[in-house]
Amino acid sequence: MKFKTRCWNCGAEHDMVEDVGQAPDNGDISFCFDCGAFAIFDDTFPDAIRKPTPSEKFKINHDEELARVLIAWQNVMRRKQKR
Ligand SMILES: [Zn+2]
């Protein structure tokens, strides 16, 4: 299954391909590789993702796994800028 999301922060469109045959659930966390913003999957929104609420943002900011995702992304971006 394939669907499109649009980042609430930078407007980048992402083609999401879910090869395990399962779409993300509403409330799942998404990450924009263009701007580094976290988002929440919500199929009631036209872009399929939305900005995290303050309580969701708090959870994201205190999640070690997501912090590692962000650090890894920042490292990739830094390497790209050097080229
Ligand atoms: Zn973005």
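How many helices and how many strands are in the chain? There are 2 helices and 5 strands. Helices here are DSSP runs of H or I with at least four residues, strands are DSSP runs of E with at least two, and both are numbered from the N terminus. Along the sequence the pattern reads β-β-β-β-β-α-α.

Before I go on, two remarks on how to read this. What you see is a predicted model: local features need pLDDT of at least 70, side-chain atom pairs count only at pLDDT 80 or more, and totals for chains, interfaces and linings use all residues. Residues are numbered from 1 along each chain as its sequence is written.

pLDDT is the predictor's confidence in each residue, from 0 to 100. The chain averages 89, and 90% of the residues score at least 70. Where pLDDT is low, the predicted coordinates should not be read in detail.

Now the overall dimensions. The C-alpha trace spans about 40 × 30 × 25 Å along its principal axes. A residue is called buried if 20 or more other C-beta atoms lie within 10 Å of its own, exposed if 12 or fewer do, and partly exposed in between, with C-beta atoms placed from the backbone. Of the 83 residues, 11% count as buried. Two residues are in contact if their C-beta atoms, again placed from the backbone, lie within 7 Å. Of the contacts with a separation of 6 or more, 36% are between residues 24 or more positions apart.

The model has an open sheet of 3 strands in the order 3-4-5, with antiparallel pairing. Its edge strands are strand 3 and strand 5, each of which pairs on one side only. Two strands pair if DSSP finds at least two bridges between them. Strand 3, residues 29-31, is joined to strand 4 by 3 bridges. One of the residues to look at is Phe 31, whose bridge partner in strand 4 is Phe 38. These two strands form a hairpin with 6 residues between them, and Gly 36 in the turn has a positive phi of about 80°.

On to the pairing of strand 4 with strand 5: 2 bridges join them, and they run antiparallel. Ile 40 stands opposite Arg 50, and Phe 41 stands opposite Ile 49. In a regular strand the side chains alternate between the two faces of the sheet.

Which residues make up the largest nonpolar core? They are Cys 7, Cys 32, Phe 38, Ala 39, Ile 40, Ala 48 and Ile 49, 7 residues in all. Strand 4, residues 38-41, gives the largest share, 3 residues. By nonpolar core I mean a set of buried Ala, Val, Leu, Ile, Met, Phe, Trp, Tyr and Cys residues joined through C-beta atoms within 7 Å.

Not counting residues up to four places away in sequence, Ile 49 touches Thr 5, Trp 8, Ser 30, Ala 39, Ile 40, Phe 41 and Asp 42.

Ala 48 lies in the loop between strand 4 and strand 5. Why does Ala 48 count as buried? Because 20 other C-beta atoms lie within 10 Å. Ala 48 also has a positive phi of about 75°, although it is not a glycine. Phe 45 is found in the loop between strand 4 and strand 5; with 16 C-beta neighbours inside 10 Å, Phe 45 counts as partly exposed.

Cys 10 sits in the loop between strand 1 and strand 2. Cys 10 counts as exposed because it has 11 C-beta neighbours inside 10 Å. Leaving aside neighbours within four places in sequence, Cys 10 is in contact with Cys 32, Asp 34, Cys 35 and Ala 37. The C-alpha atoms of Cys 10 and Cys 35 are separated by 6.5 Å, with the residues 25 apart along the chain.

Last, helix 2, residues 64-82, which includes Arg 78. The helix is hardly covered: the count of buried residues among its 19 is 0. Arg 78 has 9 C-beta neighbours inside 10 Å, so Arg 78 counts as exposed. The C-alpha atoms of Arg 78 and Phe 3 are separated by 29 Å.
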